[in-house]
Amino acid sequence: MSEETLSNLLHENRRFEPPAELAADANVKADAYEQARADRESFWAEQANRLDWAQTWDRVLDWDNPPFAKWFVGGRLNAAYNCVDRHVEAGRGDKVAFHFVGEPEGTDGKAEGRDITYAQLKDEVSKAANAIAALGVAAGDRVAIYMPMIPEAIVAMLACARLGAPHTVVFGGFSAEALSSRILDCGAKLVITADGGYRRGAASALKPAVDEAVAKVEAEQAGLVENVLVVRRTGQEVAFGDRDVWWHDAVDSASAEHEPEAFDSEHPLYVMYTSGTTGKPKGILHTTGGYLVGASYTHHAVFDLKPETDVYWCTADIGWVTGHSYIVYGPLANGVTQVLYEGTPDTPHKGRWWEIVQDKKVTLFYTAPTAIRTFMKWGREIPDKFDLSSLRLLGSVGEPINPEAYIWYRSVIGGDRTPVVDTWWQTETGMIMISPLPGVTASKPGSAMTPLPGVSADVVDLEGKPVGNGAGGYLVLTEPWPAMLRTLWGDDERFKETYWSRYAAQGFYFAGDGAKKDEDGDLWLLGRVDDVMNVSGHRLSTTEIESALVSHPRVAEAAVVGAADETTGQAVCAFVILREGGSGAEGDELVQELRGHVAKEIGAIAKPRQIMVVAELPKTRSGKIMRRLLRDVAENRQVGDVTTLADSTVMDLIAKGLSSGKAED
Ligand code: PRX
């Protein structure tokens, strides 16, 4: 077997055809692939007509100076106008934009919350734009947003977009340190925050972290942050200094009239920081026209969105790109009604999400595999208590979805009716790139299937040659796409180096993910390239072995890493969380059973050397398993930097469990 390719070991034969009714009335049909292939630029130009442009473009794509792309060159538009005002002007002002559901229970025992119509959203965004402008923010100035999942967070983003002031939203779970480094890197002069938000039944403060971050920024670059605009959400005591301004003072009294200015298609819309393998976070820059076209079209196509009748819920936080593209810009540009939920899935009870789906009659639901696996662990009795019959389509994003998790999602949540779209994309791509089309594709559990119309991806070997069907390699994007990142904020060199140097000769974008093509040429994502192991000369994907483990009835969640091994180069080490209430073998016997199970599912080569049963896995706040830390444990090293873990005590628990229990055979 060649060193350059990933071993293709896991086989999956299940297929789910699109439901006939959905297929007959699908927004996007099979001919779109052909149309886009015949003329990619006119295909995207046609999609750009979904938006309202103050001035149309002269040229669809300028790719004269790769990798620096310009889309819809010469076009002018306002993103906030496209997301809000135009729906009101078209007579849809009374349509609900958001069913906001707060975490605390209201006095009537029901969730606290309110509905916000498009007309109300327009007024709020206009007032906020006036208030922010009065604080001295003009087009081109950067604004940092550090907020809980409340409507004001979205209003703040849209107000910035309306003014042409790029926002950088920092996830509310990040530390003061992370916030200060992002404020400094992009040079934000305004920070928008809240006193706190509700998480797990308690008011959790945000303002103190902002105070600490601003103090750090002040020490580095005095005077950079001019104001901090603070929403009162929890009413908790907060320190209030000279630069602090209450949102209700500044925004509530501002005028609801605000003329949106049209900006150049390439005007910066936002910077979203994402972690690299090393060094400081990368500030991914998205611009206005191409990004909005990409987010709007893919939301329409992949979710088969019918804005008149659908109720859409994406459970991501606005602190991540998924919240940007598939809560704010795509869905609002498309004028749909959404659910916005402030809290966690298990507060006040583990059925909270399903209760919301039932109450709000959600039709389209988009979440992450980590959440699905958590619900699998809790058991189907919980969702089974609720009426989920309104759902007609389910989406998954963020990591490979194991076939068993896919099947569980489809059958338990989707009642075996709903297609599941496994959507592959990245902060960098800005929009979904590889996904089934729900009215066209016969989906395979665990596969993201094929690039969307207008998107070109391939799987190549180390030399950049496409691999054949049945083989694995590296995922590349072979043509520019409208929502692509334009650069890293302030660092064109790092942009070129990180994404474009590996396959410079071919001009491919290197996504950093391993992938394989199955016998039909459909794509399977195999995890980040640095999660790929090499066992006895076979390149094995952590994802495939994890999926094999999760397909065992006793396993709820699994993480696999490669650990140095004298004989095999690397050996497979697995960490598993068991499902609650299972019975059967325990201890060593269970470990042997699981090892045998992997051998049966994939082959002896993939049989884990070690399997450790643990109570929790180390995860980042966005739910990604931090395999780097597990590798440290597997290789008996001092555990590295844990500051980005959602719960930093997890590693202590794992280490303690290991020293007390015999896990190796
Ligand atoms: O490794 C891929 C994985 O998440 C990475 C991008 O992460 P981020 O920029 O945080 O964006 C997450 C939300 C788009 C990718 O390089 N990933 C994302 N979606 C999938 C996935 N891996 C497999 N299947 C997916 N559907």
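Are Tyr503 and Phe510 buried or exposed? In this predicted model, both Tyr503 and Phe510 are buried.

The structure holds 39 aromatic pairs. The rings of Phe240 and Trp246 have centres 4.5 Å apart and planes at 15°. Planes under 30 degrees apart count as stacked, so this pair is stacked. Phe240 has a relative accessibility of 34% and counts as partly exposed. Trp246, at 14%, counts as buried. The pair formed by Tyr503 and Phe510 is edge-to-face. Here the centres are 6.0 Å apart, and the angle between the planes is 70°. A pair of aromatic rings is described by the distance of the centres and the angle of the planes.

Phe510 also has a charged group over its ring. The charged end of Arg502 sits there, 4.4 Å from the ring centre. A second case involves Arg182 and Phe174. The charged end of Arg182 sits over the ring of Phe174, at 5.0 Å from its centre. Aromatic residues also form a cluster. One such cluster consists of Trp63, Phe68, Trp481, Phe495, Tyr499, Trp500 and Tyr509.

Four strands form an open sheet with antiparallel pairing. Their order is S21-S22-S24-S25. Strand S21 (457-460) and strand S25 (523-528) stand at the edges. Each has a single partner strand, so one side of each is left without a neighbour in the sheet. From one strand to the next, the twist averages 45°. S21 and strand S22 (residues 472-477) run antiparallel and are joined by four bridges. Within this pairing, Val460 stands opposite Tyr474 in S22.

Helix H17 (residues 542-550) lies across strand S24 (509-517) and S25. H17 runs at about 100° to S25. Nine of the nine residues of H17 are buried, so the helix is largely enclosed by the rest of the structure. The buried residues of H17 include Thr542, Thr543, Glu544, Ile545 and Glu546. Ser547, Ala548, Leu549 and Val550 are buried as well.

Strand S29 (residues 569-578) is paired with two strands described here. Eight of its ten residues are buried, so S29 is largely enclosed by the rest of the structure. With strand S28 (residues 555-565), S29 pairs in the antiparallel sense over ten bridges. S28 and S29 form a hairpin, with three residues between them. Asp565 stands opposite Gly569 in S29. With strand S30 (residues 610-613), S29 pairs in the parallel sense over four bridges. In that pairing, Phe575 stands opposite Met612 in S30. The chain crosses from S29 to S30 through helix H18 (residues 587-601). This β-α-β crossover is right-handed.

The loop between H18 and S30 contains Pro608. Its relative accessible area is 0%, so Pro608 is buried. Pro608 touches Val572, Ala574, Arg595 and Val598, residues up to four places away in sequence not being counted. Gly581 gives a further reference point. Pro608 and Gly581 are 27 residues apart in sequence, and their C-alpha atoms are 24 Å apart in space.

Strand S18 (residues 364-367) shows side chains pointing two ways. Leu364 and Tyr366 point one way from S18, whereas Phe365 and Thr367 point the other way. All four of these residues are buried. In a regular strand the side chains alternate between the two faces of the sheet. S18 has parallel partners in strand S16 (residues 311-314) and strand S19 (residues 393-397). Three bridges join S16 to S18. Trp313 stands opposite Phe365 in S18. The pairing of S18 with S19 extends over four bridges. Leu364 stands opposite Leu393 in S19.

Note on methods:
Residues numbered from 1 in each chain as written. Predicted model: local features only at pLDDT ≥ 70, side-chain atom pairs only at ≥ 80, totals over all residues. Heavy atoms only, no water. Pairing = 2+ DSSP bridges. Axes fitted to C-alpha atoms, helices over the stretch in contact; angles between N-to-C directions. Contact = heavy atoms within 4.5 Å. Phe/Tyr/Trp six-rings, centres within 6.5 Å; stacked < 30°, edge-to-face > 60°. Buried < 20%, exposed > 50% of the residue type's maximum accessible area, 1.4 Å probe, protein only. Lys NZ or Arg CZ within 6 Å of the ring centre and 35° of its normal. Right-handed = clockwise from strand over helix to strand, strands pointing away.
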